[in-house]
Amino acid sequence: MKMVKIGIMICDRNRKCTGNKCFKSINERDGAFSEVPRKETIEIVGWMTCGGCPGERLEFAPADMKKYGAEVIHLATCYLAGYPACPYIPDHINYIENVVGLPVVVGTHPMPQNYIDAHENMGDWDRDNVREYLKNLVEDKKASEKYDSTRPNFLKPTDKD
Ligand code: SF4
């Protein structure tokens, strides 16, 4: 069976996050994982906060994940969900790809609709030129609604994908 090993970096503003949405999106092949066939296994070899601006653990964490077999590093959706979006995404990508030597995917779970609404209202995604990182995360409206935990029927059994 084919397997892909990944490491996930999360924004330190979410350092106490339980990771539910990231893990759900891996299990259910949503968002950045939507193109990974279900018959392939995704193994998470590491999960860590960036350490705080501008990325205190950037030099350590992805390299350590690589030692444990990570083939790709995901910058979690929270890099873009927080207001404002992380201003250091290009630096994190650049370092991980060119120094650590692993490809980077920006995003994990679909951007929840409530965050899309807030950012569209504020206009910061355009102002801060981060649209290029959002393409796998906002295009599927149904998926964004599915991950909006503010909905009254969030995760209810009647809530079909
Ligand atoms: S904004 Fe960026 S650099 Fe700052 S804590 Fe979040 S992910 Fe890390």
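**Note on the predicted model**

1. Of the 161 residues of the protein, 35% count as buried (20 or more other C-beta atoms within 10 Å of the residue's own; exposed means 12 or fewer, partly exposed in between, with C-beta atoms placed from the backbone). This is a predicted model, in which local features need pLDDT of at least 70 and side-chain atom pairs count only at pLDDT 80 or more, while totals for chains, interfaces and linings use all residues. Residues are numbered from 1 along each chain as its sequence is written.

2. Overall form. The radius of gyration is 15 Å, which agrees with the value near 15 Å for a compact globule of 161 residues (taken over C-alpha atoms; the globule rule is 2.2 Å times the number of residues to the power 0.38). Along the principal axes, the C-alpha atoms fill a box of roughly 45 × 40 × 25 Å. Among contacts between residues at least 6 apart in sequence, 78% join residues at least 24 apart (a contact has C-beta atoms, placed from the backbone, within 7 Å).

3. Secondary structure. The protein has eight helices and four strands, in the order β-α-β-α-β-α-α-β-α-α-α-α from the N terminus (helices are DSSP runs of H or I of at least four residues, strands runs of E of at least two, numbered from the N terminus).

4. Core. The largest nonpolar core has 34 residues, of which Met 9, Cys 11, Ala 76, Tyr 79, Leu 80, Ile 89 and Met 111 touch the most other members (such a core is a set of buried Ala, Val, Leu, Ile, Met, Phe, Trp, Tyr and Cys residues joined through C-beta atoms within 7 Å). Elements supplying at least two residues each include strand 1 (3-10), helix 1 (20-28), helix 4 (89-100) and helix 5 (113-122).

5. Ligand. Among the residues surrounding the ligand are Cys 11, Cys 50, Tyr 79 and Cys 86, along with Asp 12 and Arg 13 (C-beta atom, placed from the backbone, within 6 Å). By class, this shell has seven nonpolar, two polar and two charged residues (Ala, Val, Leu, Ile, Met, Phe, Trp, Tyr, Cys and Pro count as nonpolar, Asp, Glu, Lys and Arg as charged, and the others, Gly among them, as polar). Leaving aside residues up to four places away in sequence, Cys 11 touches Cys 50, Ala 76, Cys 78, Tyr 79, Gly 82 and Cys 86.

6. Cys 17. This residue lies in the loop between strand 1 and helix 1. Cys 17 is partly exposed because 15 other C-beta atoms lie within 10 Å. Apart from residues up to four places away in sequence, Cys 17 touches Ile 10 and Cys 78.

7. Helix 1. Lys 21, Cys 22, Ser 25 and Ile 26 are buried. Seen down the axis, the buried residues fall within an arc of 140°, so they line one face of helix 1 (the arc is that of the directions from the helix axis to the C-beta atoms). Their cover includes strand 1 and strand 2 (41-49). The face turned away carries the exposed residues Asn 20 and Asn 27; Asn 27 has 11 other C-beta atoms within 10 Å. Just after helix 1, Arg 29 takes a positive phi of about 55°.

8. Helix 5. The buried residues here are Tyr 115, Ile 116 and His 119. They cover an arc of only 100° around the axis, so they sit on the same side of helix 5. Helix 3, helix 6 (124-127), helix 7 and helix 8 (141-146) are included in what covers them. Gly 123, which follows helix 5, has a positive phi, near 80°.

Key: Two residues are in contact if their C-beta atoms, placed from the backbone, lie within 7 Å.
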